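This briefing concerns a predicted model of a complex. It takes up confidence, then overall form, and then the interface.

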Amino acid sequence: MRLVLAFGVVVAGIWLVPLFLTVESGLKFGPPYQALFTLLALFGGLVVYLLRAPAMAPPKSASRAMAGVALVFLVTIGGVVLLANVAPQFAFEGTGEAAATGPERGRVLFFDVKVGCFLCHSVQGSGGTRGPDLTHVATSAGSRKPGMSAEEYLRESLMSPSSFVVPPFDNIMPPFAQRLTPEQVGDLLAYLQGLE
Amino acid sequence: MPPEVSLINDRVVIWVVAQLHLLFAAFVLGAPIFIVVSEYLGMRSGDGRYERLARETMKIVAMSYSLTALFGGAMTFVLVAKYQQLSNFLFQRFYPVFGTYAILLVVETALMYLYWYSWDALAKHKGVHIGIGVALNAVGTVVMFLMNGVGSFMLTPPPSPESASLWQMVNNATWTGLNLHRFVANIAFGGFMVALFAAFMFLTSREERDRAFYDWMGYIGNFIGVGALILLPVAGYIYTKEIFAYNATISTLLMADKLAWFFVIQGVLVGLLFLGAMYYMWLSIQRVQGGVRFHSYFRGAFWVALAGFVVWLVPQNFLPSLTAEPSGPISEVTIPERVIFLGFMPAKGLAVSAMVVITAFVYLLYRQAISTGTMVWGQIDTKAQLALTFLPGLAVFTMAFMGPIREMARGEWHIFEFMADTTQASFLTPLGFTAIMAGLNTTLFFLLMAAVFWLGFKVSHQG
């Protein structure tokens with residue numbers, strides 16, 4: 001009885017006191033906090049109750065015992081799962097491809113069959129040999145064409161490869177200006193620029 | 001699940017098999033540590049109960065061992081079939097580690113069966129038998145450390161993983177932390193599983209003698225579980241420190257962004273474990289003659305623990321992520337200004353420390369009460385046995401819930417900032433869904449364990 005009374009007072013306090021407080025007081029808890037505190041008060045009440053509860057007789061049969069164990073398990077795990085489901089949730093979002101960063105997406109594109117860079121180029125040993133090895137392309141790109149930065153050069157190599165043909169290779173690389181979206185070009189460049 | 005991904009996808013499948021593998025592995029690695037200690041204590045003290053505890057627990061370990069291997073095999077299968085890019089890379093780069101692992105696994109299995117089947121044969125040579133047990137533990141621990149090397153590498157790889165040396169990859173930024181944390185957690189886990197087994201046997205035994213024994217066994221299981229549990233926050237602290245030192249993006253994701261609320265739920269779980277353990281001790285002390293004089297201390301301890309629990313759980317806000325838009329006024333879903341300190345680390349640290357210290361205090365009181373009063377084993381409030389099932393249930397769930405947090409800390413990466421997870425079902429799973437998965441895995445594990453207990457101890461005894 002006293003327990004119920006104490007619980008009532010605490011819960012009333014949780015819900016009534018903020019009515020008299022302004023946000024500016026810096027002490028006014030919003031409704032989700034009030035709900036949480038109410039839950040905690042309920043839990044506190046349960047603990048006090050359990051501390052005083054009379055001893056429980058041994059179960060009459062093994063199946064009853066097992067039912068008791070199963071019940072404790074279900075209430076415990078079910079309770080926690082429920083709590084996790086009423087807590088704030090973010091939405092499922094984005095597959096890995098969308099969520100990865102530029103260089104990483106670029107690397108995936110580089111080794112993608114539909115794009116096909118790796119058919120002619122190799123990076124760290126994997127890929128083809130019809131085009132130059134690109135393992136350290138970011139380092140060499142800056143000095144290929146005088147007055148052209150590494151990024152400009154790499155962009156040009158993708159968009160119009162024939163404007164500079166690396167000896168002794170043939171001029172066989174197709175221009176990718178029409179084949180890739182600007183985002184894909186950006187990702188590929190980000191990847192190439194990391195190959196130092 | 002997003003509409004384009006089916007409910008039973010590669011991600012969910014690997015999640016279940018990997019989790020079950022890890023839960024059984026935790027048990028078969030953690031339990032033998034105190035099984036050997038218990039056997040040793042039995043030899044030294046001549047108290048037959050220690051020997052029986054060691055033996056019965058080892059029987060469960062032997063039975064669970066094949067389940068561990070089964071799920072380990074299933075996990076490898078799914079990895080190779082569905083996560084080729086990742087498994088190729090890992091198997092190639094860690095080839096010597098996996099090779100050693102395979103050899104040691106054979107050695108461990110041999111030692112395990114040797115230890116178990118030579119129990120009677122070596123009854124006269126206890127020293128030799130215990131020696132085998134110690135070797136079993138040593139090999140088991142190395143096996144775990146090897147796989148922790150691969151697991152921790154995925155979250156905190158050294159710079160340029162393609163060219164790093166094997167040792168740099170294994171001894172990465174969080175290897176030590178993970179080793180320490182898992183080692184302690186396995187002992188806690190094993191202890192609570194022993195408690196569960198003892199409660200199961202206590203509740204289903206008719207014989208007075210058996211009840212007395214299983215009551216005692218539950219007490220020891222809880223004793224081990226709580227002892228390790230008290231150390232666990234320290235190990236967890238070291239581990240998270242290592243993660244945070246490695247990369248600030250990960251710490252933001254964990255502490256301020258999408259996974260922040262996961263840690264509120266983790267607080268609920270760990271808090272309940274501490275409170276549950278205290279409650280068992282409270283019930284257990286009732287039957288000690290002269291235990292009454294400890295009551296007021298216990299009550300006080302509960303109040304301190306509850307206060308710590310409340311402070312631990314007050315969140316900084318009720319927003320699911322750093323960028324989430326609140327639906328109402330922002331002041332309603334964030335912590336009020338004057339008490340903002342309650343949401344920060346120092347307050348949380350203090351709250352956790354208070355709970356740890358108070359549990360340790362109760363633990364010592366309880367030991368004191370038991371050593372000074374007379375204890376009648378076998379006559380205990382049934383609620384205490386139910387508490388002993390509550391604790392393992394929570395402990396397993398906590399593990400099944402924190403594992404995914406560790407996995408998701410990598411964000412969209414298989415190997416952090418090196419190999420992206422480009423599979424279709426790659427995303428952070430929301431809190432509710434994650435908890436449902438953890439609940440599912442916990443239930444599966446319990447059903448399998450109940451089957452092991454039942455087959456090993458009820459069916460075989462009737463025959």
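Chain B has a mean pLDDT of 90, with 99% of its residues at 70 or more. For the complex as a whole, the predictor gives an ipTM of 0.91 together with a pTM of 0.80.

**Form of chain B**

- The secondary structure of chain B consists of 15 helices and two strands.
- With a radius of gyration of 23 Å, close to the 23 Å that the globule rule gives for 463 residues, chain B is as compact as a globular protein of that length.
- Taken along the principal axes, the box filled by the C-alpha atoms of chain B comes to roughly 60 × 55 × 40 Å.

**Extent of the interface**

- On the side of chain B, 73 residues are in contact with 60 residues of chain A.
- The two chains, B and A, bury about 5,600 Å² between them, and 75% of that area lies on carbon and sulfur atoms.

**Polar and charged pairing**

**Make-up of the chain B side**

- The elements of chain B that give two or more residues to the side touching chain A are helix 7 (175-204), helix 10 (260-286), helix 11 (295-313), helix 12 (330-333), helix 14 (382-408), strand 2 (419-420) and helix 15 (431-462).
- Sorted by class, the side of chain B that touches chain A comprises 44 nonpolar, 17 polar and twelve charged residues.

Technical notes. Residues are numbered from 1 along each chain as its sequence is written. Chains are lettered from A and ligands numbered from 1 in the order in which they are written. This is a predicted model: local features need pLDDT of at least 70, side-chain atom pairs count only at pLDDT 80 or more; totals for chains, interfaces and linings use all residues. Side-chain values use heavy atoms; hydrogens and water are left out. Contact means heavy atoms within 4.5 Å. Buried area is the accessible area (1.4 Å probe) that two parts lose on being put together, summed over both. Helices (H or I, at least four residues) and strands (E, at least two) are DSSP runs, numbered from the N terminus. Ala, Val, Leu, Ile, Met, Phe, Trp, Tyr, Cys and Pro count as nonpolar, Asp, Glu, Lys and Arg as charged, and the others, Gly among them, as polar. pLDDT is the predictor's confidence in each residue, from 0 to 100. The radius of gyration is taken over C-alpha atoms; the globule rule is 2.2 Å times the number of residues to the power 0.38.
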